[in-house]
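Trainee: I'd like to go through the charged pairs in this protein. Can we take them one at a time?

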Amino acid sequence: MVRETSLLPRDLICPLFVDENAQKPVPIPSLPGFFRHTVETAVSEVDAIWELGIPAVIVFGVPRHKNDTGSSALSGIVQDTISAIKSDVPEATVIADTCLCEYTSHGHCGIVNEAGAILNGPTLEMLRRIATSYARAGVDIVAPSGMIDGMVGAIRTQLNEEGFDGVAIMPYAAKYCSSFYAPFRDAVDSGCAFGDRSTHQMDPANSDEAVREVRLDLEEGADIIMIKPALPYLDIIYRIKKTFGVPVAAYSVSGEYAMLRSAIDNGHLTDDSIYETLLSIKRAGADMIVTYFAKEAAKKLASE
Ligand code: PBG
């Protein structure tokens, strides 16, 4: 009765990978238990996720072709998956990661010049078009994840102009330049061919900057603020929730999953560590958590 924090399946968001090249679900070695799905198997996966009481998935696509502008993000596997989910499990909330890094041949989150620097204007133009294509497919929330300056405002204006003012925006507002993304980059082949993302992702040493970044995104029209990673940044989650009082999502990233997964699989920790970790993220102030443990945690919570 005196417990202050609750953790429920409805607090969780499950990542979902779809691959235009896949004929059947392909296991992802860097994320044990995860697959690159076809559109059909992705829909059955969402059925299973929904049955467990998890209300939302966040979709990541692996395209058949990549090029220097990432143009294959404009139509293909993600749009097809969104509309297939919305026709089969319409109640499920579909979030689409909105970024170029999975679609560009160089792996950067935007269009780059010869020197390899991200060009803000042309990148925003692409993000507006990608977000609109997801909205046309029926997405509930777009989650621009590239930390590109002005991305929220650009997407909001475009969505509203096209009549999609009901589509929410959940930017990765404070996204750190983190070593904890490594298993994900293997999962979607989105490593950088040159350079890194430190020009637009945040320095792990900074906290005031997170407040500035979040303020900008809120002014531009963000509905839910995403902070990423979660576990090494609990202080940021706490601070942002206290400062702004807006809905906060925390992304417990692939490296956090890998850390606990291998400790549990090797018998160094029990799976109670999953619950305790997710609870710590909620206690810090997150309203919802993107986690690779979503299904496992929901099953456990249901049996309690
Ligand atoms: C970018 C994106 C990344 C992740 C989610 N969206 C990778 C990156 O910024 O390099 C990482 C998620 C994870 O590690 O679980 N589209």
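What follows is a short exchange on salt bridges in this predicted model.

Trainee: How many salt bridges does the count come to?

Mentor: Side chains of opposite charge can pair when their charged atoms come close. The cut-off here is a side-chain nitrogen of Lys or Arg within 4 Å of a carboxyl oxygen of Asp or Glu. By this rule the count is 13.

Trainee: Which residue meets R136 in a salt bridge?

Mentor: Look for an N to O distance of 3.1 Å. R136 lies in helix α3, and its partner sits in the loop between α4 and β7, so the pair ties together parts 26 residues apart in sequence. R136 is exposed, at 54% relative accessible area. The partner is E162.

Trainee: D223 forms a salt bridge with R156. Is R156 buried or exposed?

Mentor: The closest N and O atoms of D223 and R156 are 3.8 Å apart. D223 is in the loop between α6 and β9, R156 in helix α4, 67 residues apart. D223 counts as partly exposed at 35%. R156 has a relative accessible area of 12%, and buried means under 20%, so R156 is buried.

Trainee: What is the N to O distance between K300 and D271?

Mentor: K300 is in helix α10, and D271 is in the loop between α8 and α9. K300 is partly exposed at 29%, and D271 is partly exposed at 34%. Their side chains meet in a salt bridge, N to O, at 3.6 Å.

Trainee: Which residues are linked with R261 in a network of salt bridges?

Mentor: Here the salt bridges form a network. R261 is linked in it with D265 and E296.

Definitions and conventions. Residues are numbered from 1 along each chain as its sequence is written. This is a predicted model: local features need pLDDT of at least 70, side-chain atom pairs count only at pLDDT 80 or more; totals for chains, interfaces and linings use all residues. Side-chain values use heavy atoms; hydrogens and water are left out. Helices (H or I, at least four residues) and strands (E, at least two) are DSSP runs, numbered from the N terminus. Buried means under 20% relative accessible area, exposed over 50%, partly exposed in between (1.4 Å probe, protein chains only).
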